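Here's a quick briefing to read alongside the structure. Keep the viewer open and follow along, one topic at a time.

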Amino acid sequence: MAHDPKHEEHHANVDHAAMGIEHEHPTWSTYWKVAVILTLITVVEVWVYYIPSFVASRGFVPTLLALSAVKFAIVVLFYMHLRYDHKLFRAVFTGPLIIAMTTIVALLFLFGHLRIGAGATG
Amino acid sequence: MTHAAAAAHSAHDDTHGHPPTSTGLDNKKIAVWAFIGSECMLFASLISTYLIYKGRSVVGPYPHETCLPPTCSTPLKAILNIPVTSASTFVLLMSSLAMVLALAAVENKDQPKRTTGERILGSSKLWLWMTALLGATFLGFQAFEFTSFVHEGLTIRTNLFGSSFFTLTGFHGAHVTAGVLWLLTLLAIDYRRGLGPKDAVNVDIAALYWHFVDVVWIAIFTLVYLIK
């Protein structure tokens, strides 16, 4: 029987990637930990919403945006497996995401909700 | 059959009868990621519209401020109900957990389950049902919210806030509805012939869509509900 190690290696690569799933997915316990972290961040978000002095401060909006960005990143990296999957998926997602976020910021500048050196006004 | 031919035959089987792709990745999964990328831009346009119109409504009800006469004919309180929306946000986050557990259960279907805990974690039907029910619960919260807003005098035609709010959250709700229907079709397949590791890609792309709906809500919850 012919034995071609190169072909076997190629087959292993195809076999592995054909599913589009890497084998380094997180374990069940990681998923539960991520859920707890997401819940805690949500609790903090809602908690700061009910602190009038913090709501009136300049740190309120940046804090909420940062917490939201962390939650977004955690879900994308762990639940959507972008941290473990092929880099092509990362490119296909982050490219449009950057365009989308740039569009939001550009439109907010265009319509006067953001001003350079003035922060959010609206 | 030679070893190489057997390997090629096996690779052919692993890709569900299709030859290996040029990237070595499943085309369906690339397509779903590209679709999700395009959806990012759709929701970016809806979110920007909401943010541009924020604070520019001439008449109430307003999201975070009370509306008193003469601006409003009758006194109106701030319309957003943060406790209810926080609960619905928690429900959607937990649905994402249930979804990853469903995918893990499908991927590990062939592995032996010794304990009750392993059998529970390994039940794809249980987690798919859980995800669909939590998604439906989220839709129930949204229906409650929309109904209460209409009772309080806010419709899609009332003011700029109403127009942009109902459009944004309505589009999101439509996506959740599509996700629930997708999950129910997976459940039907699971009951008919059982979902196994060979179906992992199909469950994975449904999971990607579901998590995307979740991350969009994470952005909406902060930008629409929490930032005053």
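In this predicted model, H2(A) and H4(A) pass each other in a left-handed crossing. Their axes come within 10 Å and cross at roughly 165°, so the two helices count as roughly antiparallel to each other.

**The H2(A)–H4(A) pair**
- For orientation, H2 of chain A covers residues 28-49 and H4 of chain A covers residues 60-79.
- On the H2(A) side, the contact is made by Thr30(A), Val34(A), Ile37(A), Leu38(A), Ile41(A), Val44(A), Glu45(A) and Val48(A).
- H4(A) answers with Phe60(A), Thr63(A), Leu64(A), Leu67(A), Val70(A), Lys71(A), Ile74(A), Phe78(A) and Tyr79(A).

**Chain A as a whole**
- Of the 122 residues in chain A, 25% are buried.
- If you take the contacts in chain A with a separation of 6 or more, 47% of them come from residues 24 or more positions apart.

**Helix H5 of chain A**
- This helix runs over residues 87-110.
- Phe89(A), Val92(A), Phe93(A), Pro96(A), Ala100(A) and Ile104(A) are the buried residues to look for in H5(A).
- Part of their cover comes from the other chain: H2 of chain B is included in what covers them.
- After H5(A) comes Gly112(A), with a positive phi near 80°.

**Helix H2 of chain B**
- H2(B) takes in residues 27-53, 27 residues in total, and reaches 39 Å from its first C-alpha to its last, close to the 39 Å expected at 1.5 Å a residue.
- Its buried residues include Lys29(B), Trp33(B), Gly37(B), Cys40(B), Phe43(B), Ser48(B) and Tyr50(B).
- Also buried in H2(B) are Val32(B), Ile36(B), Ala44(B), Ile47(B) and Leu51(B).
- What covers these buried residues includes H5 of chain A, along with H6 (160-193) and H7 (200-226) of chain B.
- H2(B) is followed by Gly55(B), where phi is positive, near 75°.

How values were computed:
Residues numbered from 1 in each chain as written. Chains lettered and ligands numbered in written order. Predicted model: local features only at pLDDT ≥ 70, side-chain atom pairs only at ≥ 80, totals over all residues. Buried ≥ 20, exposed ≤ 12 C-beta atoms within 10 Å, placed from the backbone. Contact = placed C-beta atoms within 7 Å. Helix = DSSP H or I, 4+ residues; strand = E, 2+ residues; numbered from the N terminus. Expected span 1.5 Å × (residues − 1). Axes fitted to C-alpha atoms, helices over the stretch in contact; angles between N-to-C directions. Parallel < 35°, antiparallel > 145°, perpendicular 65-115°, else oblique. Left-handed = near helix turned anticlockwise from the far one by under 90°.
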